[in-house]
Amino acid sequence: MAPEHQLLMSDFLEESELLLDSMVQSRDSLRACPSDPSALRGLSRDAHTLRGILLMVDMPALRDLACRLEEAVGALRREAGRSPDDALRLVDEAVKALAELKRGAAQGRCDAPARAEMRGHEAVPMARSRTVLVVDDSRTVLRVVQRALEEAGFCALTANTALAAIEAISREQPALILLDLSIAEQDAGALLRRFSRDGVFHRTPVVLFSNQPDTLLRATAKRLGAAGHLRKTGDARAIVTAVSAQLERPARTSGGP
């Protein structure tokens, strides 16, 4: 296995295991109290995060499982009195699938999750050396997006916390910020208002990056004052095209909250 893929597999397994450990805690809480609101919120958040990571890598069976889990938890949160059995069964399936993947990786029986790949036959135009800051709390997502952008000629910086993003913006003054929506919403006070106060929105386009449905993501980007939005994808062409298109727009970009 190539060193790059070894790192990607290591990141993916570590992040997935942490998420599934958290899901197991929520599962056990829901078995004891099916209406536990804290456990429901935690399970919903973790399923959404896992699905976002799996949208970036080529592991369709696990991705389908994460999608079904997120849908089951969503139904559980919407419908009071609904049995949690479907969601809890899917947590058990996810734990089993990850354990199988770890055993295979340890024995050299499985490939690393593929990084984002260029799809289609046309070449993506090489970017002039423009700096893009990618902000996401997943190392797997950061590694995939950074590689896609660098292969297209961008200088790609990464940050996995709001504080690291603020420091990178101050130090590097990137041409564009690709911002994970969960970080944006989690740290709205510490990050988005900081962007607005420091004038970042008025000199640097901020593109929200999420696995939300496109219509919802578009509305969220507008509400938060971002310049654009991009659904998480393992298609490197889509990532590069979206970033390039945003940078080709006239200067000034985001409105700020």
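Lys 232 is buried in this predicted model, because its relative accessible area is 9%, and buried means under 20%. You'll find Lys 232 in the loop between strand 5 and helix 10 (236-247). Which side chains does the side chain of Lys 232 make polar contacts with? One is the side chain of Asp 136, at 2.9 Å. Another is the side chain of Asp 180, at 3.3 Å. If you leave out residues up to four places away in sequence, Lys 232 touches Gly 52, Leu 55, Met 56, Asp 136, Val 141, Asp 180, Phe 209, Ser 210 and Asn 211.

## Over to Asp 136

Let's follow that contact to its other end. Asp 136 sits in the loop between strand 1 (131-135) and helix 5 (139-151). Is Asp 136 buried or exposed? Asp 136 has 0% relative accessibility, so it counts as buried. Besides its 2.9 Å polar contact with the side chain of Lys 232, the side chain of Asp 136 has a polar atom 2.9 Å from the backbone nitrogen of Ser 138. Skip the neighbours within four places in sequence, and the residues in contact with Asp 136 are Val 141, Leu 142, Ala 159, Asn 160, Asp 180, Ile 183, Phe 209 and Lys 232.

Strand 5 runs parallel to strand 4 (residues 206-210), and four bridges join the two. In this pairing, Leu 208 stands opposite His 229 of strand 5.

Asp 235 caps the N-terminal end of helix 10, with a side-chain oxygen 3.0 Å from the backbone nitrogen of Arg 237. The buried residues of this helix are Ala 236, Arg 237, Ile 239, Val 240, Val 243, Ser 244, Gln 246 and Leu 247. What do they pack against? Strand 1, helix 5, strand 3 (176-180), strand 4 and strand 5 are their partners.

Step back and take in the nonpolar cores. The largest has 51 residues, and Phe 12, Val 145 and Leu 149 have the most contacts inside it. Helix 1 (residues 3-32) gives the most to this core, with eight residues. Apart from it lies another core, of 21 residues, including Leu 133, Ala 165, Ile 166 and Leu 179.

Ser 10 also lies in helix 1. Ser 10 and Arg 139 are 129 residues apart in sequence, yet their C-alpha atoms are 9.9 Å apart in space.

Helix 3 (residues 60-78) has 19 residues and reaches 27 Å from its first C-alpha to its last, close to the 27 Å expected. Its buried residues are Leu 62, Leu 65, Ala 66, Cys 67, Leu 69, Glu 70, Ala 72, Val 73, Gly 74, Ala 75 and Leu 76. Leu 101 is found in helix 4 (residues 85-106).

## A few residues side by side

Here is how some residues score on relative accessibility.

| Residue | Relative accessibility | Class |
|---|---|---|
| Leu 101 | 12% | buried |
| Cys 67 | 18% | buried |
| Cys 155 | 31% | partly exposed |
| Ser 10 | 40% | partly exposed |
| Gln 173 | 59% | exposed |

Why does Gln 173 count as exposed? Its relative accessibility is 59%, and exposed means over 50%. Gln 173 is in the loop between helix 6 (162-172) and strand 3. Its backbone is worth a look too: phi of Gln 173 is near 50°, a positive value in a residue other than glycine.

What about the cysteines? A disulfide is a covalent bond between the sulfur atoms of two cysteines. How many disulfides are there here? The count comes to zero.

How values were computed
Residues are numbered from 1 along each chain as its sequence is written. This is a predicted model: local features need pLDDT of at least 70, side-chain atom pairs count only at pLDDT 80 or more; totals for chains, interfaces and linings use all residues. Side-chain values use heavy atoms; hydrogens and water are left out. The expected span of a helix is 1.5 Å times one less than its number of residues. Buried means under 20% relative accessible area, exposed over 50%, partly exposed in between (1.4 Å probe, protein chains only). A nonpolar core is a set of buried Ala, Val, Leu, Ile, Met, Phe, Trp, Tyr and Cys residues joined through side-chain atoms within 4.5 Å. A polar contact is a pair of N or O atoms within 3.5 Å; within protein, one must be able to donate a hydrogen and the other to accept it, and residues adjacent in sequence count only if both atoms are side-chain atoms. Contact means heavy atoms within 4.5 Å. A disulfide is a pair of cysteine sulfur atoms within 2.5 Å. Two strands pair if DSSP finds at least two bridges between them.
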